[in-house]
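Here is a quick walk through one protein chain, from the overall fold down to a few residues. Have the viewer open while you read.

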Amino acid sequence: MKNRSTASHWSGHLSALLTIIIWGTTFISTKLLLEVFQPVEILFFRFLIGLFALLAAYPRRLRGTTPRQELTFAAAGLSGICLYYLLENIALTLTFASNVGVIISAAPFFTAILSHLFMKEEKLRADFFVGFAAAMAGIFLISFNGSRLKLNPVGDLLALLAAFVWACYSVLTKKISSYGFHTILTTRRVFFYGILFMLPALPLFDFKWDLTRFADRLCLFNILYLGLGASALCFVTWNFAVNALGAVKTSAFIYMVPVITIVTSVLILHERITVMAGLGTILTLAGLILSEGKASASP
């Protein structure tokens, strides 16, 4: 029983790490697609592709759910699929990307608080908050890296709201994992609700159904990477990690996103890493290690 628990523990860490590695590289695909697509178009198409991919991967129906469980699925779709990405995209148009990067990284803090309030098995200790402070200091150094901090109240507030919404999604995901359904089936149901909630917002953001844009191989490759990798695969692996590790420990992996972005920039875009970014990376990794220690109880 102990070996099985240890295997599940390590599988959860590997799943969370794989998810964050892919999510940390999506900025390249998104940046290229933004030359042709509106942000909401990228969002809608990637999750639509993700939904059909999950349907093809596991073509079974989710049966036996209660109205209360369906409400939880709907809340997860609204928060983690629809609101989080819309708030983040709007925030990026109103404030600096560096501001958004730092503020979004506060999501593990909100997750810890919500988990402690609503899920009693998620206990917090001082190490988590020390790790959070170290990681945020590191992310701050990575994001601003010599540039001056400039506040943009509306955009920054929307980014903070996005971080809170993602924390709500993480807690809801942990709740959904307790229902005992297959992870792919629950993720697919969450995608369905997320897309459903997204539909009313499409006309507000100048959405176009012009599919001829996918005739360009680069556009097609990047939207498939976002749809199949960053959406279908990553939401399944993330939800698996939350089930195995708990919402608090899994959310701490979000600290790694700026680090993955730096590594990707060096390897693919051939950018140079600065001393400040290097120090920030060390602080961020130290914060993650502290947060993954005795900071939160296992589920």
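## The whole chain

Keep in mind that this is a predicted model. Of its 299 residues, 50% are buried.

Take the contacts between residues at least 6 apart in sequence: 91% of them join residues at least 24 apart. As for the surface, the accessible area comes to about 14,600 Å², and carbon and sulfur atoms account for 69% of that.

## Helix α2

How does the span of α2 check out against 1.5 Å a residue? Helix α2 covers residues 39-57, and its 19 residues should span 27 Å; the end C-alpha atoms are 27 Å apart, which agrees.

The buried residues in α2 include the run V40, E41, I42, L43, F44, F45, R46 and F47. Also buried in α2 are G50, L51 and L54. As background, residues three or four places apart on an α-helix point the same way, because there are 3.6 residues a turn.

## P153

P153 sits in helix α7, which runs over residues 153-177. With a relative accessible area of 62%, P153 counts as exposed because the cut-off is over 50%. P153 and L94 are 59 residues apart in sequence, with their C-alpha atoms 8.9 Å apart in space.

## D206

D206 lies in the loop between α8 (183-198) and α9 (217-245). Its relative accessible area is 41%, so D206 is partly exposed. The backbone is worth a look here: D206 is not a glycine, yet its phi is positive, at about 60 degrees. Most residues other than glycine have a negative phi.

Conventions: Residues numbered from 1 in each chain as written. Predicted model: local features only at pLDDT ≥ 70, side-chain atom pairs only at ≥ 80, totals over all residues. Heavy atoms only, no water. Helix = DSSP H or I, 4+ residues; strand = E, 2+ residues; numbered from the N terminus. Buried < 20%, exposed > 50% of the residue type's maximum accessible area, 1.4 Å probe, protein only. Expected span 1.5 Å × (residues − 1). Contact = heavy atoms within 4.5 Å. Areas by Shrake-Rupley, 256 points an atom, 1.4 Å probe, with all protein chains shown as cover.
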